[in-house]
Amino acid sequence: MITAIILAAGESKRMGEPKMLMPWGKSTVLQTVISTFQSAGLNDILVVTGGARQQVESLIGKTVQTIFNDSYDTGEMLSSIQVGLSAKMREASAALICLGDQPQVNERTVRSICDAFLKNKSAIVVPSYEMQRGHPWLVARPLWEDLLEMKAPRTPRDFLKKYARKIHYVNVDTHSILEDLDTPEDYSKHKS
């Protein structure tokens, strides 16, 4: 089973308001991300919360699982990945690491990444647009321990660098894998 771990624990300092809750189409940023993964056939979805925890959890209700990262304000992205992986240790064969502030990612991209894993049993599957790595990316269960043992200041990028030879790249025809929403300018530029 592939689990989707959606990272939604940030404090949205550069945005100035909780970006997971911001309107996106007929929904919100985070709900759009969740819907995309559900449409792509992922039934096991875990949202890692932190900043704006209560609002985020009440927004998504019981539609997906949530877990709180109590180090969200000091731990960076790595700590949220570790919280998510720890919660799924017994049940998942791979984790799709997703950004909660990336509502532009499309269902076709998500399906391509999952299909590549299921077909090739690759240890890591990363989408690529014009030779640039993006999100979401998938990591198979045998490499989780290494991610769980990492300590700051090491980052997920360091992990991908260490295992560069194990990465299976999926070329996509959309730059949405490179875009997230960090600032009001990003939001205005990409808002659907």
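This is a predicted model: local features need pLDDT of at least 70, side-chain atom pairs count only at pLDDT 80 or more; totals for chains, interfaces and linings use all residues.
S4 covers residues 45–49 and runs parallel to S1, to which it is joined by five bridges. On S6, which spans residues 94–99, S1 has a further parallel partner, and six bridges connect the two strands. Within this second pairing, Thr3 has Ala95 as its bridge partner.

The burial of S1 was examined next. S1 comprises residues 2–8, and seven of its seven residues are buried, so the strand is largely enclosed by the rest of the structure. In a regular strand, side chains alternate between the two faces of the sheet. In S1, Ile2, Ala4, Ile6 and Ala8 point one way, whereas Thr3, Ile5 and Leu7 point the other way. The residues of both sets are buried.

Helix H1 extends over residues 29–39, and its buried residues are Val29, Leu30, Thr32, Val33, Ile34, Thr36 and Phe37. After H1 comes Gly41, which has a positive phi near 95°.

Helix H4 is formed by residues 107–120 and contains Thr109. The relative accessible area of Thr109 is 3%, and the residue is therefore classed as buried, the cut-off being under 20%. With residues up to four places away in sequence left out, Thr109 is in contact with Pro127, Val172, Thr174 and Ile177.

How values were computed:
Residues are numbered from 1 along each chain as its sequence is written. Side-chain values use heavy atoms; hydrogens and water are left out. Buried means under 20% relative accessible area, exposed over 50%, partly exposed in between (1.4 Å probe, protein chains only). Helices (H or I, at least four residues) and strands (E, at least two) are DSSP runs, numbered from the N terminus. Two strands pair if DSSP finds at least two bridges between them. Contact means heavy atoms within 4.5 Å.
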